[in-house]
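Please consult the sequence and the model shown here while reading.

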Amino acid sequence: MHFTEPVYRNPYWPTFPLIQITQGCTHNKCKFCTMYKGVPFRMQPLEWIEEDLREICAIQPHAKTIQLLSANPMALSYDRLMPRLELIKRYLPELEHMYTATRVTDISNKSVEQLRDLREVGLNEISLGVESGDDWTLRRINKGYTSQDILEQCHKLEEAGIAYWMTFLNGVAGREHSHDHAVNSAKVFNQCRPMLVGTGGLTLFEGTPLLDEARRGEFTPLTERELMEELKTFVELLTCDCEFNTHHTSSMNLSGPFLPRKQQILESLQYGIGHFDMDEMARRRQSKRTL
Ligand code: SF4
């Protein structure tokens with residue numbers, strides 16, 4: 001298989017088979033991310049994809065799902081992406097789901113009709129690392145798009161019938177903008193129809209500009225308690241009829257259908273704010289090595 005390190009796949013999707021369509025990330029400038037530092041973006045040659053498909057077919061010729069890697073395969077233009085998806089479908093005709101992560105900006109160069117075509121070949125579920133719906137925060141972390149872009153591109157996905165996940169990055173605005181980040185993210189997410197909203201807490205990794213800023217006193221990270229309070233504000237305001245999951249250091253199980261469990265999620269967060277061992281959660285966060 002032609003994989004380039006690091007191989008990151010969404011653990012909530014079936015983790016086999018995986019196939020690399022692109023290498024690295026076209027953007028590579030988010031201030032909290034070191035995932036693909038030093039890995040240049042590259043489109044995987046069709047011959048390599050075909051060789052990988054032969055290997056997959058030898059093990060799992062009846063595969064129903066496949067995850068496309070790396071950070072954002074949808075950065076490819078429609079004309080480049082479509083032949084790659086058609087090739088996958090030719091080798092794995094029983095495929096029902098192609099999953100991929102991608103950036104909001106990768107949708108913008110495709111029309112609704114083109115997105116519909118991609119869905120018909122099998123690309124029917126994507127994960128968008130939105131992180132925030134607050135424009136100040138999006139600029140601050142260098143995401144490379146605005147809240148208006150999020151709304152426009154998510155609405156195109158809805159029209160095309162492609163299901164999508166939206167992520168909220170708890171803590172990424174720092175202390176001063178925590179409230180605006182939570183409130184404005186909920187406002188933007190509420191105007192979309194994600195199949196799932198996922199949340200993760202910010203960890204400042206060595207080598208990230210955000211950690212350098214924190215060391216210079218230009219960014220104030222939230223404490224574990226403040227992270228939970230910010231998440232609670234976001235959840236209180238969120239009204240999406242979707243699934244919900246969170247990677248929280250407390251190991252609280254907050255996953256499942258969102259609206260029927262919203263009150264329970266809020267109560268769990270409130271309990272955590274009052275009772276959890278925040279030092280232990282901070283230790284767990286410090287031991288994390290990747291996003
Ligand atoms: S967070 Fe995603 S879009 Fe941003 S640099 Fe990392 S991989 Fe690229």
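The sections below describe the sheet, the helix contacts, the ligand surroundings and some backbone details of this predicted model.

## The sheet

Eight strands form an open sheet with mixed pairing, and their order is S1-S4-S5-S6-S7-S8-S9-S10. The edges are taken by strand S1 (18-20) and strand S10 (256-257). Each of these two has a single partner strand, so one side of each lacks a neighbour in the sheet.

Within the sheet, strand S6 (residues 123-131) and strand S7 (residues 163-170) run parallel and are joined by five bridges. Ile-126 stands opposite Tyr-164 in S7.

## Helices H1, H2 and H3

Helix H2 (residues 78-91) has contacts with H1 and with H3. The axes of helix H1 (residues 46-59) and H2 come within 10 Å and cross at roughly 20°. H1 is therefore roughly parallel to H2, and the crossing is right-handed. From H1, the residues Leu-46, Ile-49, Glu-50, Leu-53 and Cys-57 take part, and they meet Pro-83, Arg-84, Leu-87, Ile-88 and Tyr-91 in H2. By class, this contact has eight nonpolar residues, two charged residues and no polar ones.

The axes of H2 and helix H3 (residues 112-121) come within 9 Å, with a crossing angle of roughly 15°. The two helices are therefore roughly parallel to each other. The crossing of H2 and H3 is left-handed. On the H2 side, the contact is formed by Tyr-78, Leu-81, Met-82, Leu-85, Glu-86 and Lys-89, which meet Gln-114, Asp-117, Leu-118 and Val-121 in H3. Six nonpolar, one polar and three charged residues make up the contact of H2 with H3.

## Helices H8 and H9

Helix H8 (residues 224-237) and helix H9 (residues 258-275) have axes that come within 10 Å and cross at roughly 160°. This angle makes H8 roughly antiparallel to H9, and their crossing is left-handed.

In H8, the residues in contact are Arg-225, Met-228, Glu-229, Leu-231, Lys-232, Val-235 and Glu-236. Their counterparts in H9 are Lys-262, Ile-265, Leu-266, Leu-269, Gln-270, Gly-272 and Ile-273. The contact of H8 with H9 has seven nonpolar, two polar and five charged residues.

## Surroundings of the ligand

The residues around the ligand are Cys-25, His-27, Asn-28, Lys-29, Cys-30, Cys-33, Met-35, Tyr-36, Ala-71, Arg-103 and Gly-129. By class, this shell divides into six nonpolar, three polar and two charged residues.

Asn-28, one of the residues around the ligand, is found in the loop between strand S2 (22-23) and strand S3 (42-43).

## Backbone details

Most residues other than glycine have a negative phi, and most peptide bonds are trans. Asn-28 is not a glycine, yet its phi is positive, at about 55°.

The bond from Glu-5 to Pro-6 is cis, with omega near 0°. The bond that joins Phe-16 and Pro-17 is also cis, and its omega is about -5°.

Terms used. Residues are numbered from 1 along each chain as its sequence is written. This is a predicted model: local features need pLDDT of at least 70, side-chain atom pairs count only at pLDDT 80 or more; totals for chains, interfaces and linings use all residues. Axes are lines fitted to C-alpha atoms, for helices over the stretch in contact, and angles run from 0 to 180 degrees between N-to-C directions. Helices (H or I, at least four residues) and strands (E, at least two) are DSSP runs, numbered from the N terminus. Angles under 35 degrees count as roughly parallel, over 145 as roughly antiparallel, 65 to 115 as roughly perpendicular and the rest as oblique. A crossing is left-handed if the near helix is turned anticlockwise from the far one by less than a right angle, and right-handed if clockwise. Two residues are in contact if their C-beta atoms, placed from the backbone, lie within 7 Å. Ala, Val, Leu, Ile, Met, Phe, Trp, Tyr, Cys and Pro count as nonpolar, Asp, Glu, Lys and Arg as charged, and the others, Gly among them, as polar. Two strands pair if DSSP finds at least two bridges between them. A residue is near a molecule or strand if its C-beta atom, placed from the backbone, lies within 6 Å of it.
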